[in-house]
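Hello,

Here is the structure I promised to pass on. Please have a look at it first; my notes follow below.

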Amino acid sequence: MTLDHIYDLAIIGGGVNGCGIARDAAGRGYSVYLCEMNDLASGTSSWSSKLIHGGLRYLEFYEFRLVREALIEREVLWGIAPHIIAPQRFVLPHHDGLRPAWLLRLGLFLYDHLGGRRRLPPARTLNLRRDIAGKPLKPGFKTGFSYSDCTVDDARLVVLNAQDAVARGATIATQTKAIRAERGDGVWQLEVEDATQARHTVKTRIVVNAGGPWVQDILTARVGVEATAHVRLVQGSHIVVPRLYDNNYAYTFQHADGRVIFVIPYQRDFTLIGTTDRDYEGDPAAVRATQEEIDYLCAAASEYLATPVLPSDVVWSYSGVRPLYDDHASEARTATRDYMFELDAPEGLPVLSVFGGKITTYRKLAEHALDKLSPYLRSAGKPWTADTPLPGGDFPMGEVDMLVQRLLREYPFLSQRHANRLAHAYGTQAERVLGRAASFADLGRDFGHTLTEREVRYLMAHEFARTAEDVVWRRSKLGLWLSREEIAALEAWMAAQSNLGAPAH
């Protein structure tokens, strides 16, 4: 696009909501520009519990609209991204003295029927003394309930939406910060600054503020509109420990303070435990899991598990700030997870700000955002994202293992682990990553733990990766296995490639 081009939408923020809106809008034929000050999904969107779920606990707070929408979306998203989204069976043990068994049964009945479940199996009651699901638990737990949700590679979900948006004509500018938006000549003039500190102006008819934790600051300080809605920043932290048990169940544990935590099989060799809920003040970019939160998660899991979880077991921790809509709830855990929009149109030029939201409902949020903007858009296109696969997701639900076997046949030099990782990350795009390689040596430099030069070049050219952190913590989770020296070597190699000419999108 030329500098004189006027976009239909300019989106500030490269998280799941911003990239979801970009994909939907580009697919309807609108011209779209998106800027993200860091890497895609570098904020809240990559620090989730890695779940596509209805939010069972939100039923307690009567969030029936949100839960219903999220339950419907589970299978929609699984259908369009079966490589990065997978069914996960959860076990909810009954704990004497906490929520009564009848209430848990009622909640799971609603959970099964509120969203029109079709492919996922229903809830059922378990005898934890006989069922394999009870084996990791302390012997005092007798009764439990199993139910269905899905896991997701959250950061890859964001990147795939951005990748598809670009394929449909959008411009995605990472490492590019929105400095200010001003009205002039009948359009918004959005000034942005890229990684070289060069500034230029993007002209657009509509500004979409999907800045996550920064949404309120962007609206008031950079767009110059006084916000009527407010954001409540809530910190959520997770820990990762070596795999705690052999079965493939995830667990939902109730805590005496009213919260629940998840214990989830993660990346084959590990177990993910989270999350906390606490109000947060300060720079969202500086958030870190505190020792208090780590101790809390270890203690909460140890109340149920036969083998205690110790802080010394933690191999990785992460923390994110959820930008919730401030509904003035008394506690962070009871604050709404629903989303809302604030639409301002000074001088007839609209700016739409997104408050709240969950990864599970990002696609519906995007549809609703475009509905909200329809009076300002030429001939609003029809919703289309519910049955159009994301890149690599064009194969039937539940058949990712068949894709693994196909890779092993076509590329017999791959190990089972390597083929499995590629299939679950890239789906049918894995063959695009591997190209015509006839041997492992054809994949170029080996950075360790199945990460090769061929894959990194693909990530830089097609998935917006700029740094080693982008690759090993967002495009993959290979940082769990790679050493500091291996990551440093990758960083140096990527920096050298960038100096030769960074890939454009």
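Start with helix α2. In this predicted model, the buried residues of α2 are L66, V67, E69, A70, L71, E73, R74, E75, V76, L77, W78 and I80. That makes 12 of its 17 residues, so the helix is mostly covered.

The length of α2 checks out. The helix runs over residues 64-80. At 1.5 Å a residue, its 17 residues should span 24 Å, and the end C-alpha atoms are 25 Å apart, which agrees. The helix is bent, though: there is a bend of about 30° at E73. E73 is also among the buried residues.

Next, two backbone angles to look at. R268 has a phi near 65°, which is positive, and the residue is not a glycine. R268 sits in the loop between β13 (260-266) and β14. T450 also has a positive phi, about 75°, and is not a glycine either. Its loop lies between β19 (446-448) and β20 (451-452).

Are these two residues buried or exposed? R268 is partly exposed, because its relative accessible area is 48%. T450 counts as buried, because its relative accessibility is 17% and the cut-off for buried is under 20%.

Last, a cis peptide bond. It runs from G274 to T275, with omega near 15°. T275 lies in the loop between β14 (270-274) and β15 (278-279).

Best wishes

Key
Residues are numbered from 1 along each chain as its sequence is written. This is a predicted model: local features need pLDDT of at least 70, side-chain atom pairs count only at pLDDT 80 or more; totals for chains, interfaces and linings use all residues. Side-chain values use heavy atoms; hydrogens and water are left out. Helices (H or I, at least four residues) and strands (E, at least two) are DSSP runs, numbered from the N terminus. Buried means under 20% relative accessible area, exposed over 50%, partly exposed in between (1.4 Å probe, protein chains only). The expected span of a helix is 1.5 Å times one less than its number of residues. The bend at a residue is the angle between axes fitted to the seven residues ending there and the seven starting there.
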